[in-house]
Structures are given as structure tokens and as C-alpha cells.
Amino acid sequence: MSWGRRLVRVASPLAALGVWQLLTSLDVNLWLRFEQFPTVVEVASALADRIGTETYWQDLGHSLRRIALGFLLAAVLGVAAGTAVARSRWAADVLGPLVEVVRPVPAIALVPVAILLLPTNEQGIVFITCAAAFFPVLVSTRHAVRALDPVWEEAVLTMGGGRFRVLFSVVLPGALPGVFGGLSVGIGVAWICVISAEMISGEYGVGYRTWQDYTVVDYPGVFVGMATIGVLGRLTSTAVEALGRRVTAWLPSAGEGGAAGPDRPSGSAPAPAPRTDTAAPEGPTGPGPLTGPAPDAPADSAAARSSAALPVPDKEPVT
């Protein structure tokens, strides 16, 4: 990444914070009421106070543990179910209708179901987090598996490989880019739902603490919770994407195997193609290869006489 792009990425949030500070410090009230908003300085001061407390880190640990458990369950179950639906007609007939009926239901709407089914609030929050990330992973895996070229599977079967060999050597490796696309979407949805579930039925966690700050009209504390959620979501999403790049490092990148070629930088001009035409200019007796000496060579030189090639007949003359 160039320094210009890095500078833009750093300057963009700083500019947003500057506009926020300006609007709130001047109490701008033009349809949007910024006079009730806390300033950036107030939020930063509240964040500094919270970081030094044990409660802040305890809430952070609870939210991260819930995300880890729910997301890992969703990843395993989503990849397994998506692969089964894409590879098996029986699984598609049994699971397909259920998935399409339940998938449009927001995961946060499952809070009453979790309260009725599961014995503790902690298990209910993990269940909601898993349900939120499960469907993006399943759908992405299903599409990725169905999009695979069947020629690779046929090649493995031709060489004597079985169904398990096809699954672990062709299907799952080939679907990895699509799977990690679903995982990237799923981790973001999981954060949305875990915070919402903590606000409704949690006892600890960033979402629970943010809602408590709102009930006591501690607006700087609310923005501290929002900033914490944003940073945690960014870090976990970056970790998932980095893992995806590492796992799929064997795949050809944009600059490999394309127009740029594997051994040439993508910005360089393509190398000139070798000439394949062997047609020679027409000689004095019509088209065909020149058999006499080069025009610049002296006519009486020995090199010119030795380089002159006599025409070879197509067949032996008849005597």
C-alpha cells in the first residue's frame, strides 16, 4: 500500500472526529441537534476513566468469550450444512426449506426462544450469536461449493479417489474463498446480535454496560461503549480476513497467471511476442526463400559463394 493511501486512511477518521468536535462544541442545532451530543473530549475523558477500572475489562472479556463460542459454532455448523446442501440432494430437500424459512428471521427475534429453551442467559446469548453468524456462512459455503468446476472432481475420481478424497482435496479447498467471505460477513452480524442480546438479557458485557449508561443518562459512557464495540468488531474482522488470506495463500493472486504473468510485475508492459512468420520476401523468380548471397555481400567473395545454397530437388531426377 502506498504512503498516500495510508495517509488518507489515517486522515479520514481524524477529519470525522474534528467535525464531530466542532459541531458539538458550537451546539449546532440545524435539524440535527448536536447540543445534546457529548464532545470528543468528553468521550475521550470517559474512556480514559473506564480503561482504568476492572469492570471495563470484565465486560470486554464476557463479550469476547460469547463471540468466540458463538462464531466458532456457527463456522463449523455453517460450513458443514452448506457443503451438505450443495453436495447432497437429500440434504437439500430436508434442510433447504427449513433454512429458507428461518433465515429471514432476525437473530435478535430469537431472544424469547433462547429464554424458553436454554437454562441460562449466558447460553442464550451464545445461541443468538451462533444463529446470527450461521446463515451467512451456510449460504456462502453453498454457493461456493456449487460454483466449483466439476472437471477437478472428475479428475480425482478418474485417478481412483473416493468421495472423501474429493471432499477434502477438491471441494473444501476450492470453496475456501467463498467460505471466508461468509465468515467475514458472519463476524460482523455476530457482533450486532451479541450486543443486542446483552442489552436485553445480559448481566455483563459491553452491550449490557452501554445500555446501563443510557438508562442513567451517561451519554459519554454510551459513546465509550459504541467506540469499544467498533474497535472490537474491526479487530475480529481483520483477524478473520488475515486468516483467510493465509489459508488461501496457495491460490493465484491477481498478478499471477493473468495478463501480467507470474514473473513480471503487473504494471510492466507485456514482452514482445517472438516472430513466428517464416515467409521470406519474393525473389527474382517469384515467391520463395532467397537462395543467393545477401545484397550487401561482395559477389566474388568466397563467403558469398559458399553461402549460396543450390535448390534441392523434391525427388531424384529420372535418368
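Helices α6 (residues 121-146) and α8 (163-201) cross in a right-handed manner, a crossing being right-handed if the near helix is turned clockwise from the far one by less than a right angle, and left-handed if anticlockwise. The model is predicted, with local features requiring pLDDT of at least 70 and side-chain atom pairs counting only at pLDDT 80 or more, while totals for chains, interfaces and linings use all residues. Residues are numbered from 1 along each chain as its sequence is written, and side-chain values use heavy atoms, leaving out hydrogens and water.

**Packing of α6 and α8**

- The two helices pack at an angle of about 155 degrees with their axes 7 Å apart, which makes α6 roughly antiparallel to α8 (angles over 145 degrees count as such).
- The residues of the contact between α6 and α8 divide into 18 nonpolar, nine polar and one charged.

**Helix α9 and its surroundings**

- In α9 (residues 206-215), Val206, Gly207, Thr210 and Asp213 are buried (under 20% relative accessible area, with a 1.4 Å probe and protein chains only).
- Seen down the axis of α9, these buried residues fall within an arc of 125 degrees, so they line one face of the helix.
- The buried residues of α9 pack against α2 (40-51), α3, α8 and α10 (219-247), where contact means heavy atoms within 4.5 Å.
- Just after α9, valine 217 takes a positive phi of about 60 degrees.

**Alanine 80**

- Alanine 80 lies in helix α3 (residues 54-87) and, at 47% relative accessibility, counts as partly exposed (between 20% and 50%).
- Alanine 80 and threonine 141 are 61 residues apart in sequence, with a C-alpha to C-alpha separation of 8.6 Å in space.

How values were computed: Helices (H or I, at least four residues) and strands (E, at least two) are DSSP runs, numbered from the N terminus. The arc is that of the directions from the helix axis to the C-beta atoms. Axes are lines fitted to C-alpha atoms, for helices over the stretch in contact, and angles run from 0 to 180 degrees between N-to-C directions. Angles under 35 degrees count as roughly parallel, over 145 as roughly antiparallel, 65 to 115 as roughly perpendicular and the rest as oblique. Ala, Val, Leu, Ile, Met, Phe, Trp, Tyr, Cys and Pro count as nonpolar, Asp, Glu, Lys and Arg as charged, and the others, Gly among them, as polar.
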